[in-house]
Each structure stands twice: as C-alpha cells, then as structure tokens.
Amino acid sequence: MTSSENGLKAIAVLEAFKGLLALMVAVGIHMLAGRNLQQVAESIVSHAHLNPASHLPSIFIHALSNVSASNMSLIAICALAYTVIRLIEAYGLWKGLVWTEWFALVSGAIYIPFEVYEILFHTSIVGVGVFVINVIVVWYMANLLLRQRRNRSAQEDLYG
C-alpha cells in the first residue's frame with residue numbers, strides 16, 4: 001500500500017467518523033421530537049450540576065425552548081443528508097475514486113474561511129484543532145491531485 005493510499009484511507013476514516021457523528025445527532029434530534037425541549041434542557045443543565053440562572057446554561061435553555069417541531073425535523077433531515085454525503089465521500093476515498101478526491105478538496109476548502117472567522121472572534125482549542133486538521137486534509141488532497149496531474153502530463157509527454 002502506497003503512502004497516498006494510506007493518506008486517503010486516513011481521510012476516509014475521518015470523513016466516516018464525521019458522518020457517524022452527524023447520524024448520532026440526527027437520531028438524537030429525532031428522539032427529542034415531540035418532547036418539551038425546555039424541560040429537556042433544564043434536565044441536562046441540572047444533571048451537569050450547572051446553575052440554570054447563569055449565562056451559558058440560561059442561553060442553552062432559552063435556545064432549546066424556542067425550537068419548533070418543524071425546525072427540529074429540518075435539522076434532523078439536514079444532519080441525515082450530511083451523513084449520507086460524508087459516508088459516500090468516505091467510501092469513495094477508501095476505494096480511491098478520483099471524483100471523491102476532488103470533492104474532499106473542495107468540501108474541506110469551503111470551511112476554511114468560516115473556521116478562520118471562528119478562530120478570530122471565538123477562539124477555542126476545539127476550533128483551532130478543527131482548523132488545523134482541515135488545513136492538513138486540504139493541503140494533502142491538493143498535493144495528491146497535483147502529483148497525479150504531473151504524473152499524467154509526464155506520461156503523455158513520454159508516450160504521446
């Protein structure tokens with residue numbers, strides 16, 4: 001197995017993980033459908049031994065209490081669609097399909113400006129970690145695709 005195949009398989013595993021995480025979100029949202037979300041939020045805050053009157057827990061409770069059933073369904077459908085996209089991408093990368101290599105490059109690059117904004121205005125270790133991993137994936141995919149292009153050009157010059 002070549003190093004490029006190992007790299008693609010590592011990225012495939014990362015994409016599959018993201019897809020499975022999104023699937024868990026979709027299932028979790030589906031399970032909460034029809035329940036009193038304010039009560040669920042208050043229960044979560046209570047189980048975490050947080051003060052419901054403090055700033056972040058109160059924002060969390062208020063945000064969940066304002067989510068409608070139709071919004072929950074839309075969020076669950078979007079999470080499910082994201083799951084399907086990520087799992088298809090993971091499969092294609094695992095199998096070495098070129099179109100998924102391009103898709104991984106473009107889909108990763110799209111997030112970079114948003115991640116930079118997030119780091120600049122809401123710096124967190126998780127945000128920085130996600131940004132670094134995404135830059136590594138985009139850099140790796142761009143290098144891989146450029147190498148493949150150079151190899152094709154060299155072969156065409158040699159045999160063409």
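**View 1. Glutamate 89 and arginine 86 meet in a salt bridge.** In this predicted model, the N-to-O distance between their side chains is 2.3 Å. A salt bridge here is a side-chain nitrogen of Lys or Arg within 4 Å of a carboxyl oxygen of Asp or Glu. The two residues sit 3 apart in helix α4, so about one helical turn separates them. Salt bridges with shared partners tie Glu15, Lys18, Arg86 and Glu89 into one network. Helices (H or I, at least four residues) and strands (E, at least two) are DSSP runs, numbered from the N terminus.

**View 2. Arginine 86 also forms a salt bridge with glutamate 15.** Here the closest N and O atoms are 3.2 Å apart. This pair links distant parts of the chain: arginine 86 belongs to helix α4 (residues 69-95) and glutamate 15 to helix α1, 71 residues apart. Is arginine 86 buried or exposed? It counts as buried, because its relative accessibility is 3%. Buried means under 20% relative accessible area, exposed over 50%, and partly exposed in between (1.4 Å probe, protein chains only).

View 3. Glutamate 15, at 4% relative accessibility, counts as buried, while lysine 18, at 27%, counts as partly exposed.

View 4. Isoleucine 112 lies in helix α5 (residues 98-121), and asparagine 134 has its place in helix α6 (residues 125-159). Contact means heavy atoms within 4.5 Å. Take valine 138: it is 26 residues from isoleucine 112 in sequence, and their C-alpha atoms are 9.3 Å apart.

**View 5. Asparagine 134 is buried.** Its relative accessibility is 11%. Which residues does asparagine 134 contact, leaving aside neighbours within four places in sequence? They are Gly108, Tyr111, Ile112 and Glu115.

**Notes for all views.** Residues are numbered from 1 along each chain as its sequence is written, and side-chain values use heavy atoms, with hydrogens and water left out. Since this is a predicted model, local features need pLDDT of at least 70 and side-chain atom pairs count only at pLDDT 80 or more, while totals for chains, interfaces and linings use all residues.
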